[in-house]
Amino acid sequence: MYNMTFEELSGDYSQERMDSVAKALEEVLTSALPQGCITVGVYEAAKSLNVDPDNVVLCILATDDEDVKDVALQIHFTLIQAFCCENDINILRVNNTRRLAEILGGGGKQGGSEPMDLHCVLVTSPHSTSWKDPALSKVNRFCRESRCMDQWVPIINLPGR
């Protein structure tokens, strides 16, 4: 019988936990979308954060490998992250914009032809109700735990389908 080392066990647990959070994030997005609680785009997100930051429950910053070299985008991310930290808004980084586009529907196209700017996605709370979503609670708990380990913007891998 094979005995696993602590590192192997913790690695398996970490991967399991990340998969669980990725699934919860997908649930949050798919339930927020029909409620009109999703803001997509860096500029749209900045406007929404400026108008009603208390209504934002989650900020998702998404990149692919080629986005790392985009200095303007990195500056936007830094400003959005600072604003979110100042206003106690949980932030996640996602490394698969194609999968994010699939989750949000439209395969990354907005209005049929123009590509969606998926670099920043905000999830807001519906004004009519207090949003008690177990998936959102799981994502928020993950963000809080990450901050306790000095990881202020945890990165989630959204696995492709």
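This is a predicted model: local features need pLDDT of at least 70, side-chain atom pairs count only at pLDDT 80 or more; totals for chains, interfaces and linings use all residues.

Reader: In what order do the five strands form the open sheet?

Author: Strands of a sheet pair through backbone hydrogen bonds, either parallel or antiparallel. Here the order is β1-β6-β2-β3-β7, with mixed pairing. β1 (38-40) and β7 (155-156) are the edge strands, each pairing on one side only. Strands are DSSP runs of E with at least two residues, helices runs of H or I with at least four, numbered from the N terminus; two strands pair if DSSP finds at least two bridges between them.

Reader: How many bridges join β2 to β3?

Author: Four bridges join β2 (residues 56-62) to β3 (residues 91-94), and the two run parallel. A62 stands opposite V94 in β3.

Reader: Which residues form the nonpolar patch on the surface?

Author: Patch residues have over 30% relative accessible area and no salt bridge; nonpolar side chains (Val, Leu, Ile, Met, Phe, Trp, Tyr) are joined within 5 Å, like charges within 9 Å. A salt bridge is a side-chain nitrogen of Lys or Arg within 4 Å of a carboxyl oxygen of Asp or Glu. Areas come from the Shrake-Rupley method with a 1.4 Å probe, and for residues only the protein chains shown count as cover. V71, I75 and L79 form this patch, with about 310 Å² of accessible area together. I75 lies in helix α3 (residues 71-86).

Reader: Which residues form the positive patch?

Author: K23, K138, R141 and R144 form the positive patch. Lys and Arg count as positive, Asp and Glu as negative, while His and the chain ends are not counted; a charge is placed at NZ of Lys, CZ of Arg, CG of Asp or CD of Glu. Helix α5 (residues 134-148) gives the largest share, three residues.

Methods. Residues are numbered from 1 along each chain as its sequence is written. Side-chain values use heavy atoms; hydrogens and water are left out.
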